[in-house]
Structures are given as structure tokens and as C-alpha cells.
Amino acid sequence: MAGARTIPPTANAAPPAALVRARWYDGLNSQGRPVLIGFQPGTAGPALVLHPLHQGAAPVVFGHRQVGWPEAWHAQRLQERLVVDLQDAGSLEIEDAAGWHAALQRAGQRPTLAQRMQTRWPAFIAVLVVAAIGLTLFYRYGTPWAATQLTRFVPLAWETALTTDTLRRMDEGRMLKPSQLAPERQAALRQRFDALVAQTPPGLRRYRGYAPRYTLSFRSGMGPNAFALPGGAIVVTDDLVREARERQLGDDAIVGVLAHEIGHVVHRHTTRMLVEQGVLNIGLGLALGDVSGLLSTGSALLTGLAYSRSKEREADCFAIALMGQARLPTAPMADLLLAIAHDAETPAPTPAAGASTPASQAPPSPHPQPAQEGWTLLSSHPDTVQRARELRDGHAPHCAR
């Protein structure tokens with residue numbers, strides 16, 4: 001009986017009170033031997049004292065951690081028989097379950113949290129509420145924080161490969177079509193885009209040492225839209241350029257949208273969202289540096305993501321700061337945002353990852369049906385008017401000074 005100790009008999013020794021009858025199967029004999037069981041209080045929990053009934057046998061003490069303590073899983077209905085694991089010393093069979101639990105409780109044994117949840121509804125509800133609050137707080141605050149920190153270690157090469165794969169899938173799947181804009185028009189907008197990137201001050205960069213190569217591409221087939229992909233790739237649709245022209249807003253409106261999308265790249269929003277999704281294989285791959293098998297999974301997930309309100313606001317603040325640095329107005333961008341939002345009579349297709357609010361997540365008609373009152377397709381950030389007002393004013397309360 002490794003670990004157990006015997007108590008030598010003394011002339012004045014008396015067996016402790018509240019002994020419980022049991023049968024001891026010591027693993028040496030097939031027949032169980034009748035014994036009496038008592039308990040001794042201890043700092044780590046009660047110890048079990050086994051009293052053999054044959055003459056001259058000394059009690060054997062098993063420490064709290066040497067016993068596999070059976071638990072009561074119902075407050076009223078106890079098991080008829082209990083089996084107690086004594087590890088190398090065999091096992092005990094207890095016929096008086098109620099007496100066992102009562103004596104054990106008197107010796108200082110306290111039910112575990114799992115047992116309390118099983119036998120007491122208030123404890124179960126309390127643990128459930130605490131767990132729900134903990135999970136909510138972790139999802140709301142812990143996950144974004146962890147994703148932000150983990151994103152620092154994601155290599156730029158992985159983002160570039162992911163973007164290349166994503167654009168290929170979108171082109172092959174006819175989600176995007178070749179641009180019909182004249183080459184001269186594309187070149188003019190790229191010139192404005194390159195100038196804007198060149199004016200980005202170091203103080204606006206979120207991640208030190210992160211230097212993506214910014215590229216501007218044009219596509220059609222998705223309505224008025226613009227979106228950013230990891231690694232610096234930004235896509236603008238023909239319809240967005242056409243909308244700005246028809247509204248007579250000038251290229252400053254498009255440049256404002258581009259500043260917003262550059263903000264998504266600088267803050268690595270799409271990569272952070274991929275981590276926040278909690279996809280186990282992607283998270284482990286990023287952490288361990290083995291990203292070779294993640295491209296197809298990541299690109300498939302990427303096309304189904306949309307930015308949260310906080311990330312859209314973060315990109316708005318970046319756009320306000322960058323446009324101010326370039327001495328360009330933000331009001332045309334705000335007007336373009338509202339124009340597209342109010343013109344969207346029907347829900348648009350599911351946006352690509354990083355789709356900016358002005359083009360891909362516009363609300364329905366400004367006069368919705370009663371059943372839809374207050375609802376817009378800006379489901380993650382339904383404050384289009386407020387954002388447009390802030391962009392027009394060139395500042396917002398939540399933007400750092």
C-alpha cells in the first residue's frame with residue numbers, strides 16, 4: 001500500500017466516532033473484507049482512516065490525494081452503493097452512502113464546484129452567468145486585443161500570397177470583371193493614389209516596420225465599391241468612379257475613399273479579422289509560422305468578411321488625418337457615401353473582405369417599409385449619417401488628436 005501509513009495501536013486509543021461500514025477489496029483476495037471507515041480533518045482535505053476488524057490490525061491512513069473521492073450528483077437521490085478508489089491499495093465498497101457523505105462533511109470535506117452545479121440550481125445558474133459574462137468580455141475585448149498582438153508577427157509575404165490567391169478566385173468566379181475605364185483615366189487615378197501614399201506620415205502607421213507595397217487595381221461587376229486586401233492591394237470598381245462623376249463630386253471624393261482603404265491596410269484590419277474569427281488551423285499556422293496550407297482556406301474566408309463598426313471608424317479617422325496631411329477636403333467623400341447609401345434601393349451582394357462602407361454596405365431606400373424601420377444593410381455600423389457628418393467636418397470625437 002504505497003503512500004498509506006498505519007497507526008500503531010495504543011492502550012488508550014479509541015476508534016473515531018461516526019464510522020461507516022464498508023468492504024475492502026485489497027487486490028490480494030477475491031473476497032472483500034469488512035472494515036470500518038473514518039475520517040481525519042486535514043489542511044488539504046480529510047484523510048481516510050481504514051479500520052480492519054480482525055484482532056490486532058492497526059488502522060491504515062490514506063491521505064486526501066490518495067483517495068478517489070466519489071461525489072454526490074443529486075441533492076436528494078444518493079447512490080445506493082459507492083466505490084472508493086484507493087489506487088494501489090484496491091478499492092472500498094460503501095453500502096451506507098448517506099452515512100459516508102455525512103461523516104465526510106463533518107470531517108471538513110467541501111463539495112467541488114462541479115458537484116455544486118449538479119446538486120444546487122443557484123450554483124449552476126451563478127456559474128453559467130459568470131461564464132457567459134467571461135466569454136462575452138473575452139470576445140468583446142480579449143479577442144481583438146490578442147488578434148492585434150498576434151498580427152504583429154504575421155509576415156507580409158503571407159498577406160501578399162493570400163491577396164494574390166483571393167483576387168484570382170474573385171476573378172475566376174466572375175465576382176469581379178475586367179475594368180472598362182479608359183487607361184488614361186486609370187493612370188490619372190493611380191497618380192493621385194501614389195501621391196496620397198507618399199504623403200502618409202510615419203505617425204499614422206499602426207505597426208512599426210510594416211511596409212506593404214500599395215497597388216491600385218480597377219474592376220467592374222460589383223456596383224459602386226472599393227475594398228482593401230492584406231499587403232496593400234486596393235481595388236476600385238468602375239461604378240464608384242462613375243458615381244462620383246455623375247454626382248459632380250470630383251476626384252477628391254474617390255481620393256477620400258482611397259485614404260479610407262489605405263487606413264484598413266495600415267491597421268491590418270483584414271488580417272486581424274482572420275485571427276479574430278478563431279479559425280483554429282489559421283491561428284495555429286500563424287503562430288507557428290507554417291502558412292503553406294492556409295492560403296486556400298484564408299482566401300475563401302476572406303471574401304465573406306466585412307469590417308466591424310470600430311474598424312470602419314478607425315479607417316475613417318485615418319482618412320481624416322491623411323486627407324488633412326495632404327490638404328485635401330473630406331466633404332466630397334462624405335457626399336459620395338450618402339449618395340450611394342440613399343440610392344441603394346435593394347440589398348447589394350455580399351461584400352468582399354474589407355469592402356468600404358460607401359460602396360458595399362449601403363442601406364435600402366431612405367423610406368423603408370414599417371417592418372424594416374431603422375434597419376439598413378450597414379448592419380455592423382448603421383451610423384452612416386453620423387460618419388458622413390464627421391467626414392464632412394474633418395474631425396470626429398473618437399479620433400485621436
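What does S310 count as: buried, partly exposed or exposed?

Author: Two ground rules come before the reply. This is a predicted model, in which local features need pLDDT of at least 70, side-chain atom pairs count only at pLDDT 80 or more, and totals for chains, interfaces and linings use all residues. Residues are numbered from 1 along each chain as its sequence is written, and side-chain values use heavy atoms, with hydrogens and water left out.

Now to S310. It counts as partly exposed, because its relative accessibility is 49%. The cut-offs are these: buried is under 20% relative accessible area, exposed is over 50%, and partly exposed lies in between (1.4 Å probe, protein chains only). S310 belongs to helix α11, residues 309-325. Helices here are DSSP runs of H or I with at least four residues, strands are E runs of at least two, and both are numbered from the N terminus. S310 and H398 are 88 residues apart along the chain, yet 9.9 Å separates their C-alpha atoms.

Next, the wider picture. The protein has 14 helices and eleven strands. Of its 401 residues, 45% count as buried. A contact means heavy atoms within 4.5 Å. Take the contacts with a separation of 6 or more: 63% of them join residues 24 or more positions apart.

F193 has a relative accessible area of 1%, so it is buried. Leaving out residues up to four places away in sequence, F193 touches Y214, T215, L216, I234, L258 and I262.

After α7 comes R268, with a positive phi near 55°.

Now the sheet. Four strands form an open sheet in the order β8-β9-β11-β10, with mixed pairing. Strands β8 (177-178) and β10 (226-229) stand at the edges with a single partner each, so one side of each has no neighbour in the sheet. Two strands pair if DSSP finds at least two bridges between them. β10 and β11 (residues 233-237) run antiparallel and are joined by four bridges. Across that pairing, F227 faces V235 in β11. Helix α6 (residues 238-246) lies across β9 (215-220), β10 and β11, at about 55° to β11. Such angles run from 0 to 180 degrees between N-to-C directions; axes are lines fitted to C-alpha atoms, for helices over the stretch in contact.

Last, the rings. Rings of Phe, Tyr and Trp (its six-membered ring) pair if their centres lie within 6.5 Å; planes under 30 degrees apart are stacked, over 60 edge-to-face, the rest tilted. That rule gives one aromatic pair. F39 and W100 form it edge-to-face, 5.1 Å centre to centre, with 80° between the planes. F39 lies in strand β3 (residues 33-40) and W100 in helix α1 (residues 97-106), so the pair ties together parts 61 residues apart in sequence. F39 is buried at 11% relative accessibility, and W100 is buried at 0% relative accessible area.
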